[in-house]
Amino acid sequence: MVSVPRLVVAAPASGSGKTTVATGLMAAFAGRGLAVSPHKVGPDYIDPGYHALATGRPGRNLDAYMCGPGLIAPLFTHGASGCDLAVVEGVMGLYDGASGQGELASTAQVSKLLRAPVVLVVDASSQSRSVAALVHGFASWDPEVRIGGVILNKVASDRHEALLREALDESGLPVLGVLRRAPQVATPSRHLGLVPVAERQNDALEAVRAMGDRVREGCDLDALMALARSAPALPDEAWEPQAYPREGARPVVAVAGGAAFTFAYAEHAELLTAAGAEVAVFDPLHDEKLPTGTAGLVIGGGFPEVYGPELSANEPLRRAVTDLALSGAPVAAECAGLLYLARELDGRPMCGVLDASARMSERLTLGYRQAVAVSDSVLAVAGTRLRGHEFHRTVLEPGAGATPAWGLHQPERRVEGFVQQGVHASYLHTHWAAEPGVARRFVERCRG
């Protein structure tokens, strides 16, 4: 049995302020000297970066679609091990999940799997007594979801606060915090959401401090901690990346990082290390060589379209990546990595490993996908089934090579990506904890 005090921060809808509240709570409790474990419901890569700044620990995702409901509590327990408190930021509205899949991957489902109390963040602007009806509806919709209190956001004045509190007195749910209307904390956005921490480190630190200050001033931290401690013990054992010791040198797996490649799940590096690899992070914006001894390459998601000129100008590294791929070494590329391996991106030369051209588009491609491996590759044997997520505003032509990476079955049937020599490149983001064999297979291929 594992007992970690925990809270899930949810909201009736996106835009209510849950990122500000969740990140602010993490920063405020960390400021009290507590070890705070940060988590995010869903596939989002960007919010966990702000969570990591607030807590000094890796931000971790809890995605019941990609990993399956059965892994949520074990992954949570793994991340929260040794911590005094865990704060889980929800996704969208409390009951919103995978399209057409009922509660699957919703914040509500994750709260039930974690047996965690929910703090509902309500945008109280333009309402007074109606807030009680709103909160009552959310609290009574699913009796298994335990809403333990409310934080009111965008409250206009003392009078407005008094009206809201009076209305909520009848609901039986305590008001655990009140945040006044204020200029938005500086967290700029662009075409895929917030600008990642790696691109604005100093400004992001200031933004996280400001969130922490707002929450510290407006919320009852003692009452929130008491609510977190009311969560019962979890019976699930922690997920652990299973070690596969091998004699001999550990192959070096180079992992792209830096401002252009910020999308990564913490468990991927842990799985590679457990499988016997030495993980070496490099920055394609600045490093002109791959790490010494590189035997395999992982290029995850991010924003190559924002840094196209700089990536293109780094010709020595582009040549090194191309030479590695042409040698047959294992290369796994997701989304941004796929674009980096293409012939060109928005007319600028990239690595040219793939005979494909990429460009920015007005159309957002977004959603969960069911996928099956079309052929054997460095990541999977043909027929392996995984669930993943697409999230991009670019178009690649052609979208699939002679040997595609995946056959997708949701929402429409199509093939996608490229498998050639040791390269596996695709738009699809996957979570390797759902299929640990992916990391083991990749590292074994790196061993030659």
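Valine 9 stands opposite valine 119 in β5. Strand β1 (residues 6-10) and strand β5 (residues 118-123) run parallel and are joined by three bridges; two strands pair if DSSP finds at least two bridges between them. Helices (H or I, at least four residues) and strands (E, at least two) are DSSP runs, numbered from the N terminus. This is a predicted model, in which local features need pLDDT of at least 70 and side-chain atom pairs count only at pLDDT 80 or more, while totals for chains, interfaces and linings use all residues. Residues are numbered from 1 along each chain as its sequence is written, and side-chain values use heavy atoms, with hydrogens and water left out.

The pair belongs to an open sheet of seven strands in the order β3-β2-β4-β1-β5-β6-β7, with parallel pairing. At the edges stand β3 (60-62) and β7 (175-180), each with a single partner strand, so one side of each is left without a neighbour in the sheet. On average, neighbouring strands of this sheet are turned by 25 degrees against each other, direction ignored. Axes here are lines fitted to C-alpha atoms, for helices over the stretch in contact, and angles run from 0 to 180 degrees between N-to-C directions.

Two helices that pack on this sheet can be followed next. Helix α1 (residues 18-31) touches β1, β2 (36-41), β4 (85-89), β5, β6 (147-155) and β7, and its direction makes about 165 degrees with that of β4. Helix α8 (residues 221-229) touches β1, β4, β5, β6 and β7, at about 110 degrees to the direction of β1. Contact means heavy atoms within 4.5 Å.

How do the axes of α1 and α8 cross? They come within 12 Å and cross at roughly 100 degrees. The two helices are therefore roughly perpendicular to each other, a label for angles of 65 to 115 degrees, with those under 35 counting as roughly parallel, those over 145 as roughly antiparallel and the rest as oblique. Leu25, Ala28 and Phe29 of α1 meet Leu221, Leu224 and Met225 of α8. By class, this contact has six nonpolar, no polar and no charged residues. Ala, Val, Leu, Ile, Met, Phe, Trp, Tyr, Cys and Pro count as nonpolar, Asp, Glu, Lys and Arg as charged, and the others, Gly among them, as polar.

Threonine 20 is also found in helix α1. Not counting residues up to four places away in sequence, threonine 20 touches Met211, Arg214 and Val215. From threonine 20 to glutamate 89 there are 69 residues in sequence and 9.8 Å in space, C-alpha to C-alpha.

Another helix pair is α3 (residues 72-80) with α4 (residues 107-114), whose axes come within 9 Å and cross at roughly 70 degrees. That makes α3 roughly perpendicular to α4. Ile72, Ala73 and Phe76 of α3 make the contact with Val110, Leu113 and Leu114 of α4. Its residues divide into six nonpolar, no polar and no charged.

A further open sheet has six strands in the order β11-β10-β12-β13-β21-β20, with mixed pairing. Its edges are β11 and β20 (418-420), each with a single partner strand, so one side of each is left without a neighbour in the sheet. Neighbouring strands of this sheet are turned by 15 degrees against each other on average, direction ignored. Within the sheet, β13 and β21 run parallel and are joined by four bridges, and alanine 333 stands opposite alanine 425 in β21. Helix α11 (residues 315-326) lies across β11, β12, β13 and β21, at about 110 degrees to β12. Helix α13 (residues 437-446) lies across β10, β12 and β13, at about 145 degrees to β12.

Two backbone features remain. Most residues other than glycine have a negative phi, and most peptide bonds are trans. Cysteine 335, in the loop between β13 and α12 (336-341), has a positive phi of about 55 degrees although it is not a glycine. The peptide bond from glutamate 397 to proline 398 is cis, with omega near -5 degrees; proline 398 lies in the loop between β17 (385-397) and β18 (406-408).
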